[in-house]
Amino acid sequence: MKLKCYVAGPYSVPDPVANVAKACKFAGWLLDRGYNVFVPHLNMLLHMMEQRSWDDWLNIDLEWLEKCDCLIRLPGESKGSDLEVAAAKERHIPYYALSGDSERERSNLLHWLADVDASRKARSK
């Protein structure tokens, strides 16, 4: 089974549409490398049709986080993402905080993901 990665990152500030696009582009990069992703930013579309409070969306996202093997925190200010990281820590879900978007950082992330995947597989034996 593929590693399930929760992509956390800014949503509201400075621009929700631009932030959703960044999260989706990053998720596509992960998909291209064989990982499964959960991108809470995509709830933007659902919210356009079925509005919920900020707290409701956070609670929904945190339930999905429990199904994921790790969390990757995109750079930028975000109260929601900070709470998602805190929840990951509390639940002992590994997390990686990106500080930028360099090739070196992405390479380090891939090595970290390989370690997380190896640990997950060892625990399931």
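Modeller: L45, M48 and M49 make a nonpolar surface patch of about 390 Å². This is a predicted model, where local features need pLDDT of at least 70, side-chain atom pairs count only at pLDDT 80 or more, and totals for chains, interfaces and linings use all residues. Residues are numbered from 1 along each chain as its sequence is written, and side-chain values use heavy atoms, with hydrogens and water left out.

Biologist: Is M48 buried or exposed?

Modeller: M48 sits in helix α2 (residues 43-49). Buried means under 20% relative accessible area, exposed over 50%, partly exposed in between (1.4 Å probe, protein chains only). At 58% relative accessibility, M48 is therefore exposed.

Biologist: How far apart are the end C-alpha atoms of α5?

Modeller: Helix α5 covers residues 103-123, 21 residues in total. The expected span is 1.5 Å times one less than the number of residues, so α5 should span 30 Å. The model agrees, with the end C-alpha atoms lying 30 Å apart.

Biologist: Within what arc do the buried residues of α5 fall?

Modeller: The buried residues of α5 are E105, R106, L109, W112, L113, V116, D117 and R120. Looking down the axis of α5, they line one face of the helix, because they fall within an arc of 145°.

Biologist: And which exposed residues are on the face turned away from the buried side of α5?

Modeller: The buried residues have cover that includes β1 (4-8), α1 (16-32), β3 (70-73) and β4 (95-97). The face turned away from that buried side carries E103, R104, H111, D115 and A122.

Notes. Helix = DSSP H or I, 4+ residues; strand = E, 2+ residues; numbered from the N terminus. Arc of directions from axis to C-beta. Contact = heavy atoms within 4.5 Å. Patch = residues over 30% accessible without salt bridge, like charges linked within 9 Å, V, L, I, M, F, W, Y side chains within 5 Å. Areas by Shrake-Rupley, 256 points an atom, 1.4 Å probe, with all protein chains shown as cover. Salt bridge = Lys/Arg side-chain N within 4 Å of Asp/Glu carboxyl O.
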